[in-house]
Amino acid sequence: MTDAPGLTRREFVEAAAVAGAGLTLAISFQGCRAAPPPAGGAPFAPNAFLRVRSDGAVIVVIGRSEMGQGPTTALAMVVAEELDCDWERVSFEQAPAHTAYHDAFHRGQITGDSVSIRTSWLPMREAGAIGRAMLVTAAARVWGVEASACRTEGGAVHHDPSGQTLEYGELATRAAEVPVPDDVHLKDPSEFTLIGLSLPRLDTPDKVRGTAGFGLDTRLPDQLYASVERCPVFGGRV
């Protein structure tokens, strides 16, 4: 997990607007609202689940905790599948605490009961599909063609009749100006190219290098620690 340079967790949660080159996409779970931007303007940061940078990198913000079963990789795959991006350019960030990452099963931001995929499956697919639709619209505007004449593959929008191609990074700034569509087309399972594959987990490299961040690593000013005190003698009292 890597924080954006100079960006605090609070700013990450509060950010709800684009303040730089790239595409910021906010998708809310049912019943959740995006946080308002802070006074003075929001920094360039994602405000929900998907960020497409102007260098073509795709960052998926994961609202479930990684406890060994691989939801960080699996949910990133779900978004990347619908986004039609280059998997080699996908990374993830752990979401901060915020109602935008609540799920309908637990009614909170909780990981457990093996429901991470079940509760996030549709919202994460929609997040990727909406991002794809906005990028296609941006490309169609550049070329002056119908969006229906374009297709996506490998992190780029293609217009086969003219042979033109624009990568997502080139379109990120323009896509940020495209209205978020109310409805999007989700892939038929027969079209899946990532979902169902066994891919190397995104969290493994940082764990191997010892750079992964865990709750136990948290250090705050004047931090206090709680411990359970037990009587040293069997049958004794506190």
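Predicted model: local features only at pLDDT ≥ 70, side-chain atom pairs only at ≥ 80, totals over all residues.

Q: Okay. How many helices and strands does the protein have?

A: There are 5 helices and 7 strands.

Q: In which order do the elements run from the N terminus?

A: The order is α-β-β-β-α-β-α-β-β-β-α-α.

Q: And how much of the protein is buried?

A: Of the 238 residues, 42% are buried.

Q: Let's go inside. How many residues are in the largest nonpolar core?

A: That core has 44 residues. Those with the most contacts inside it are Val58, Val60, Leu83, Trp87, Val90, Met124 and Val157.

Q: Which elements give two or more residues to this core?

A: They are S2, strand S3 (58-62), helix H2 (71-83), strand S4 (90-94), H3 and H4.

Q: Where does the largest share come from?

A: From H3, which gives 11 residues.

Q: Pick Val60. What is Val60 in contact with?

A: Setting aside neighbours within four places in sequence, Val60 is in contact with Phe49, Leu75, Ala76, Val79, Val90, Ser91, Phe92, Glu93 and Met124. Two of these, Val90 and Met124, are also listed with Val60 among the residues with the most contacts inside the core.

Q: Glu93 is on that list. What does the side chain of Glu93 make a polar contact with?

A: With the side chain of Arg51, at 3.1 Å. Arg51 lies in strand S2, residues 50-53.

Q: Is Arg51 buried or exposed?

A: Arg51 is buried, because its relative accessible area is 6% and the cut-off for buried is under 20%.

Q: Back to H3. At what angle do H3 and H4 pack?

A: Helix H3 (residues 116-143) and helix H4 (residues 168-175) pack at about 90°, and their axes are 9 Å apart. H3 is therefore roughly perpendicular to H4.

Q: Which residues meet there?

A: From H3 there are Arg132, Met134, Leu135, Ala138, Ala139 and Val142, and they meet Tyr168, Leu171, Ala172, Arg174 and Ala175 of H4. The residues of this contact divide into 9 nonpolar, no polar and 2 charged.

Q: Where is Ser116, and is Ser116 buried or exposed?

A: Ser116 is in helix H3. Its relative accessibility is 12%, so Ser116 counts as buried. Apart from residues up to four places away in sequence, Ser116 touches Arg64, Pro71, Leu75 and Thr111.

Q: New topic: Glu81. Where is Glu81 found?

A: Glu81 is in helix H2. With a relative accessible area of 1%, Glu81 is buried.

Q: What does Glu81 touch?

A: Not counting residues up to four places away in sequence, Glu81 touches Lys187, Glu191, Phe192, Thr193, Leu194 and Ile195.

Q: How many residues apart are Glu81 and Ile195 in sequence?

A: They are 114 residues apart in sequence and 6.7 Å apart in space, C-alpha to C-alpha. The side chain of Glu81 reaches the backbone nitrogen of Ile195 at 2.8 Å.

Q: And Thr204?

A: Thr204 lies in helix H5 and counts as partly exposed, at 36% relative accessibility. Thr204 and Gly70 are 134 residues apart along the chain, and their C-alpha atoms are separated by 9.8 Å.

Q: Which are they, buried or exposed?

A: Asp84 counts as buried, at 16% relative accessibility, whereas Asp222 counts as exposed, at 76%.

Technical notes
Residues numbered from 1 in each chain as written. Heavy atoms only, no water. Helix = DSSP H or I, 4+ residues; strand = E, 2+ residues; numbered from the N terminus. Buried < 20%, exposed > 50% of the residue type's maximum accessible area, 1.4 Å probe, protein only. Polar contact = N/O pair within 3.5 Å; in protein donor to acceptor, adjacent residues only side chain to side chain. Axes fitted to C-alpha atoms, helices over the stretch in contact; angles between N-to-C directions. Parallel < 35°, antiparallel > 145°, perpendicular 65-115°, else oblique. Contact = heavy atoms within 4.5 Å. Nonpolar A, V, L, I, M, F, W, Y, C, P; charged D, E, K, R; others polar. Core = buried A, V, L, I, M, F, W, Y, C linked by side-chain atoms within 4.5 Å.
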